[in-house]
Amino acid sequence: LIAKLINNDVDGYLLKNTSSNELLLAIEEILKGGKYFSKEIKEEFMKSMFSPKNIKKSQVKLSKREIEILKLIANELTTQQIAEKLFLSHYTIETHRKNILRKTNAKNTAGLVKYAIQQGII
């Protein structure tokens, strides 16, 4: 369920019994362009990510620049923010992103983050 939510670019998920304070925090974070998942959801996702059936070391060779960009993607920076941070063009970052997706066989950003976690990059 959690992986499906992330793969479908859901911005947040809270449990029914969420406190009003946490609900406000989630709304504020999402309005700022971020994502918000309750602690329980994050814990469940991490358990599923690190179950023995999901962990496999990859033979994929990413360049230093690709690893740097992957880390920034995992830290929720947009393509434009990454371009500005690295003093590169938006198109260069898009090319790196496409190459990383291809090399890792990831389908989307969530897949890239999952790959980075599994490989110990983040």
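Modeller: In this predicted model, α6 and α7 cross in a left-handed sense.

Colleague: Which residues of α6 and α7 make the contact?

Modeller: On the α6 side they are R97, I100, L101 and T104, and on the α7 side T109, L112 and Y115.

Colleague: How do the axes of α6 and α7 lie?

Modeller: Two packed helices are described by the angle between their axes and the distance between the axes. Here the axes of α6 and α7 cross at roughly 65° and come within 10 Å.

Colleague: How many residues does the largest nonpolar core have?

Modeller: In soluble globular proteins, nonpolar side chains tend to be buried together. The largest nonpolar core in this case has 15 residues, and I69, L70, I82, L86, I93, L112 and I121 have the most contacts inside it. Two or more residues come from each of α4 (64-74), α5 (79-86), α6 (90-104) and α7 (109-118).

Colleague: Which element gives the most to this core?

Modeller: That element is α4, with four residues. Its buried residues are E66, I69, L70, L72, I73 and A74, and they pack against α5, α6 and α7.

Colleague: What does I69 touch, leaving aside residues up to four places away in sequence?

Modeller: I69 touches I82, L86, I93, H96 and I100.

Colleague: What follows α4?

Modeller: α4 is followed by E76, which has a positive phi, near 70°.

Note on methods: Residues numbered from 1 in each chain as written. Predicted model: local features only at pLDDT ≥ 70, side-chain atom pairs only at ≥ 80, totals over all residues. Heavy atoms only, no water. Core = buried A, V, L, I, M, F, W, Y, C linked by side-chain atoms within 4.5 Å. Buried < 20%, exposed > 50% of the residue type's maximum accessible area, 1.4 Å probe, protein only. Contact = heavy atoms within 4.5 Å. Axes fitted to C-alpha atoms, helices over the stretch in contact; angles between N-to-C directions. Left-handed = near helix turned anticlockwise from the far one by under 90°.
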